Amino acid sequence: MSLKNFRDEFDDTTTGTREDVTVQVFGRVQNVRSVGSKLMFIDFGREHQKLQAMNEFSYLSQHGVEREQYNKLRSVVRKGDWISVTGHPTRTPTGELSIKAVEIPSILAPSLHHVPRAVSDPETLANRPHVHQLLDRTPGDVLKMRAFIYQFLRNFLAQDRFMEVETPMFDVGAGGAVARPFETVANEMSNKVLKLRVAPELYLKRLVVAGNDRVFELGRVFRNEGIDNTHNPEFTICEFYQVGAMLEDLIAKTERLFITLAAAIQCSRESEFPSLPNIGTNWTAPFARLPFIPTIEQALNRKLPNLSSETAVDDLLLLFSETGIPLPAQVTLPRLLDILAEKYIEPLCSEPTFITHHPEALSPLSKSYLDSQTLQRVAARAELFIAHREYVNCYEEENSPFEQRRKFEEQIKFQKDGLGEVDESYIEALEWGMPPTGGWGCGMDRLVMYFTGVKRISDVLPFGTLRNVISIARNR
């Protein structure tokens, strides 16, 4: 039986040995202690449970164990070995629940490396995550939290009648987001360059066109870009699409998801993730909202130029010059607007906050309209920020093939080299008629980072970032 079941079943054992019951348990050796030549205690554990095996030669000999067998075990068993113990439940004179061996414990898998008491070198821990978990419970609790969040999200959407689907990882065009893709070639189609997807968005919306009202995918995406504390070229995203959902519906669903997820984690924290910190966040709905353009204008104490005009970039460059804001390496309208948001809006988002009314140039796949307050074209979009970092992006999907073509062409103009092409297959899918639809996306790695309290994305990935993965392979 498992160590947990052993403890649950025999916890009422008060004194002495239950010779009427024989059980078998196994786990990894954590410590070996000899008391003279005829008594040896082996502490072993599994799944964060610990048990003591009491190996008393006089008791073992009553069950046919020879002295030579006992001495051999004493000479070979060591920390890190996996052992199996058969014996009787017992309570030692010091009150510790144990198993009193009636057979020589079997070594199921020896550890051929010395298991250290501690490792302080970060590089060693990063390149040998299996050793890190042997020494510290925290990495294992992070993985458990990750699995908990994934399952919660799946259940949340399934209860709301969403269907989970899988879409292609490879495509001719990476589509669905502005990012540099990874490229490769398939042996069967060596004349065609394929790209790993940067987002599942366009395929999921094809499924909506096909008549599937509520679909979601939780899977990997790939962006051939930088590696830092919050970015990795390979990461996990969850996207859902709901026919008939307006922006207010998406905002309300997001609030409900985060509030119930935080409550579920809090209920399970002590029993399931005891090594992780308690994240103190005010989850009271409704969350705060900050409209993109008015918030920046208030901070600058001046109006932004017409962002739909031909001179929008030049006008913003003049604003940057007059206010002393450093220019980004790549000067495009979307990048300039991102810089303004990073400087004037995101610092205001310590508690859960939605940024709304984004300029149309930042949201090529969402519906847009003329905002009566600012007289600028804005998107029906909202981003959820917590502790100054984005977690959710949601919007009403652009379902007009004509408008979508115009926005794709605008995005091509924004690129530094002006290269790129309109995704004609996606436009053709829209021509079959996509109903009004709300779309929602969340970066899962960042979400796990938030609820586990870690600061680096490598700490929520079982084998770290791409840089760590390469280092692990080299260690072979």
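Two strands are taken to pair if DSSP finds at least two bridges between them. Helices (H or I, at least four residues) and strands (E, at least two) are DSSP runs, numbered from the N terminus. The model is predicted: local features need pLDDT of at least 70, side-chain atom pairs count only at pLDDT 80 or more, and totals for chains, interfaces and linings use all residues. Residues are numbered from 1 along each chain as its sequence is written, and side-chain values use heavy atoms, with hydrogens and water left out.

Strand β5 (residues 82-91) has several partners. Strand β1 (residues 16-17) joins β5 through 2 bridges in the antiparallel sense. Here T17 stands opposite T90. T90 also faces S98 in β6. Strand β6 (residues 97-101) runs antiparallel to β5, with 5 bridges. In the hairpin of these two strands, 5 residues lie between them, and G95 takes a positive phi near 95 degrees. Strand β2 (residues 23-34) is antiparallel to β5 over 6 bridges, with V25 opposite V85. Strand β7 (residues 106-109) pairs with β5 over 3 antiparallel bridges, and I83 stands opposite I107. β5 is mostly covered, with 9 of its 10 residues buried (buried, under 20% relative accessible area; exposed, over 50%; partly exposed in between; 1.4 Å probe, protein chains only).

β10 and β11 (residues 193-196) are joined by 3 antiparallel bridges. E183 stands opposite K195.

A nonpolar core is a set of buried Ala, Val, Leu, Ile, Met, Phe, Trp, Tyr and Cys residues joined through side-chain atoms within 4.5 Å. The largest has 46 residues, and I149, F258, M444, L447 and F451 have the most contacts inside it. Helix α8 gives this core its largest share, 9 residues. Beyond neighbours within four places in sequence, F451 is in contact (heavy atoms within 4.5 Å) with residues including M145, I149, L261 and W283. A second, separate core of 27 residues includes L304, A312, I355 and L362.

The buried residues of α12 are P401, Q404, K407, F408, Q411, I412 and F414. Seen down the helix axis, they fall within an arc of 155 degrees, so they line one face (the arc is that of the directions from the axis to the C-beta atoms). The face turned away carries exposed F402 and K413. Cover for the buried residues includes α11 (333-344), β16 (368-370) and α13 (424-430).
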